[in-house]
Amino acid sequence: MDERKELGGAALGQIHCLTIIGQIEGHQTLPEDTKSTKYEHLLPLLAAIEETPEIKGLLILLNTVGGDVEAGLAIAELIAGMRKPTVSLVLGGGHSIGVPLAVAAKRSLIAPSAAMTIHPVRLNGVVIGVPQTYAYLARIQERILGFVTAHSAIRRADFLRLMNRTDELANDVGSVIHGEDAVKLGLIDAVGTLSDALDWLHGEF
């Protein structure tokens with residue numbers, strides 16, 4: 001006999017909570033004092049969640065500060081390709097690669113006090129200033145732009161405008177978008193909290 005208390009359409013414990021915080025660590029290891037999420041840990045976990053019958057939905061809690069673009073896109077693509085209900089909740093900040101991660105879920109929410117930072121792709125370390133380097137950056141940027149506009153309601157022109165603003169960030173190019181503004185732009189579905197995210201998931205079963 002299943003003694004788990006029922007809530008909505010699913011029993012408690014049937015939603016998996018996944019946290020993606022700090023920097024997304026890719027093929028290069030970050031310093032030990034840097035808060036990071038290792039993408040090689042998340043990829044098999046997402047596949048296991050999708051294949052586990054007892055798990056009915058996925059709650060993704062996001063508070064990112066950027067990181068490896070390729071690794072972040074890999075995680076976002078897996079989330080977007082899941083059949084199970086998925087909901088993302090942006091907490092604190094969704095910086096850079098946190099934007100595609102947020103919109104990858106079937107339902108995206110942002111906390112009232114949270115914000116999202118949108119800026120062009122950057123490369124760290126030594127950069128060779130040749131046309132191939134700039135073309136490579138342009139292709140990465142286009143992949144991010146294509147993913148975000150395909151998985152949200154934001155217009156391409158609006159996203160490009162926010163990305164290339166020069167009057168918003170000190171010593172940088174880009175924009176900081178707060179909760180309600182992210183919803184008005186169509187980047188995020190709604191302003192919400194943990195209970196809103198869980199209510200939506202339970203309603204999908």
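Predicted model: local features only at pLDDT ≥ 70, side-chain atom pairs only at ≥ 80, totals over all residues.
User: What makes the pairing of R143 and E70 a salt bridge?

Analyst: The N to O distance between their side chains is 2.7 Å. A salt bridge needs a side-chain nitrogen of Lys or Arg within 4 Å of a carboxyl oxygen of Asp or Glu, so this pair qualifies. The two residues come from distant parts of the chain, with R143 in helix α4 and E70 in helix α2, 73 residues apart.

User: How do you know that R161 and D158 form a salt bridge?

Analyst: Their closest N and O atoms are 3.7 Å apart. The limit is 4 Å, so the pair counts. Both residues lie in helix α5, about one turn of the helix apart. R155 joins D158 and R161 in a network of salt bridges.

User: Is D158 buried or exposed, and why?

Analyst: D158 has a relative accessible area of 14%. Buried means under 20%, so D158 is buried.

User: And why is D167 called exposed?

Analyst: Its relative accessible area is 60%. The cut-off is over 50%, so D167 is exposed. The side chain of D167 meets that of R165 in a salt bridge of 3.0 Å.

User: Lastly, what makes H119 buried?

Analyst: H119 has a relative accessible area of 10%, which is under 20% and therefore buried. H119 sits in the loop between β8 and α4.

Terms used
Residues numbered from 1 in each chain as written. Heavy atoms only, no water. Helix = DSSP H or I, 4+ residues; strand = E, 2+ residues; numbered from the N terminus. Buried < 20%, exposed > 50% of the residue type's maximum accessible area, 1.4 Å probe, protein only.
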